[in-house]
Amino acid sequence: MKAAVLTFPGSNCDQDLVTALRDDFGASVDLLWHTETFTPSHDFYFVPGGFSYGDYLRTGALAAQSRSVESLRAAAAQGRPIIGICNGFQILCETKLLPGALIRNTDLQHICEWTPLAGGGDWQGAFPEGYALPISHGEGNFICSDDELKAIKDNGQAFLRYTQNPNGATYDIAGLASKNKRVIGLMPHPERALRVQKDASISQHRYGRIFFENIFRLAA
Amino acid sequence: MKKFSATATVRFKKSVLEPQGKAIQLSLAEKGSHEFTLVRVGKYIEVELEAENAEAAEQKMKKIADDMLFNDVMETCEIHVAEAKT
């Protein structure tokens, strides 16, 4: 498996993703700096979390204009799987590869905690009872137009939903797929749920693995 | 080529939570100024650009506004272009 992780000034979850993909799943991983264009050749493209361009203008707005994202659009046009995590989700919304936008959490706080989740759409039943992943964001409150929301529901694009909505997201959306289900974005961090952690139970460190296994099913 | 000054005023849509304005309003209310019933904070972007004429300058501004300066899911944008004072 060949994966690529796009990085921008201010990305800070890129190395976690590289470690996860390389060490946990045996992938060969290329880091693609924002100034580079590329010819789509990878099985998966990941857009990592962080604060690209310091969140200037809007979260993800400047990253969406970068040269590497032009190439990412070409990869999307070929139907290659693209996964945006946290700031990566915000970037994919700004590129319009995903509908809607992510705004400030309703309680205005940056929330850093494990959050309970359930699968939706095509991912219904993909996760065990009590499933959870860590979140860490200030702007994870998903909004979209009424028409977009109707389409999201009709097409089963909300593949990951909060069972206790932490941030005010419309329709409890924690993860959203494009209409063709090849581009996905999510606020939770599966790459942070692969090791035994101080604050996690033994079963929770499996949760990240379960998520990645579902992602890998998107392979062509 | 002529020089132009342009501005883009970006406002959150009324339906969208705008916490900075809310915080300012609450701060005013704390001090007893309850007459300020709404405060909204937006962005004011100043641009200098070169273009053949005013129409071309306006088109260039409109393009960067649509591509980048605002997100129509949550914001509106008003642009204004004028020939730069030399």
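Figure 1. Tyr53(A) lies in the loop of chain A that runs between strand S3 (44-47) and helix H2 (67-77), where helices (H or I, at least four residues) and strands (E, at least two) are DSSP runs numbered from the N terminus. This is a predicted model, in which local features need pLDDT of at least 70, side-chain atom pairs count only at pLDDT 80 or more, and totals for chains, interfaces and linings use all residues. Residues are numbered from 1 along each chain as its sequence is written, while chains are lettered from A and ligands numbered from 1 in the order in which they are written. The phi angle of Tyr53(A) is near 50°, which is a positive value in a residue other than glycine. Asp55(A) is found in the loop between S3 and H2 of chain A, and its phi, near 60°, is likewise positive in a residue other than glycine. Are these residues buried or exposed? Tyr53(A) is buried because 23 other C-beta atoms lie within 10 Å, whereas Asp55(A) counts as partly exposed because it has 18 C-beta neighbours inside 10 Å. The terms are set by a count: a residue is buried if 20 or more other C-beta atoms lie within 10 Å of its own, exposed if 12 or fewer, and partly exposed in between, with C-beta atoms placed from the backbone.

Figure 2. Chain A contains five helices and 11 strands. Its radius of gyration is 16 Å, close to the 17 Å that the globule rule gives for 220 residues, so chain A is as compact as a globular protein of that length; this radius is taken over C-alpha atoms, and the rule is 2.2 Å times the number of residues to the power 0.38. Taken along the principal axes, the C-alpha atoms of chain A fill a box of roughly 40 × 40 × 30 Å, and 50% of its 220 residues count as buried. The largest nonpolar core has 69 residues, and those with the most contacts inside it are Val5(A), Phe46(A), Ile82(A) and Leu92(A). A second, separate core of 10 residues includes Ala6(B), Ala57(B), Ile79(B) and Val81(B). Such a core is a set of buried Ala, Val, Leu, Ile, Met, Phe, Trp, Tyr and Cys residues joined through C-beta atoms within 7 Å.

**Figure 3. Gly100(A) and the residues around it.** Gly100(A) sits in the loop between helix H3 (87-94) and strand S5 (101-103) of chain A, and it counts as buried because it has 23 C-beta neighbours inside 10 Å. Leaving aside neighbours within four places in sequence, Gly100(A) is in contact with several residues, among them Cys93(A), Phe142(A) and Val73(B); two residues are in contact if their C-beta atoms, placed from the backbone, lie within 7 Å. Gly100(A) and Ile184(A) are 84 residues apart in sequence, and their C-alpha atoms are 13 Å apart in space.

**Figure 4. The contact between the two chains.** Chain B contributes seven residues to the contact, and chain A contributes 12 residues. On the side of chain B that touches chain A there are six nonpolar residues, one polar residue and no charged residues, where Ala, Val, Leu, Ile, Met, Phe, Trp, Tyr, Cys and Pro count as nonpolar, Asp, Glu, Lys and Arg as charged, and the others, Gly among them, as polar. For the complex, the predictor gives an ipTM of 0.86 and a pTM of 0.93.

Figure 5. Chain B has two helices and three strands, which follow the pattern β-α-β-α-β along the sequence. Strand S1 (residues 2-12) of chain B runs antiparallel to strand S2 (residues 43-51) of chain B, joined by nine bridges, and S1(B) is also antiparallel to strand S3 (residues 75-83) of chain B, again with nine bridges; two strands pair if DSSP finds at least two bridges between them. Val10(B) stands opposite Lys43(B) in S2(B) and opposite Cys77(B) in S3(B).

**Figure 6. Leu28(B) in helix H1 of chain B.** Leu28(B) belongs to helix H1 (residues 19-30) of chain B, and it is partly exposed, with 15 other C-beta atoms within 10 Å. Apart from neighbours within four places in sequence, Leu28(B) is in contact with Ser33(B) and Phe36(B).
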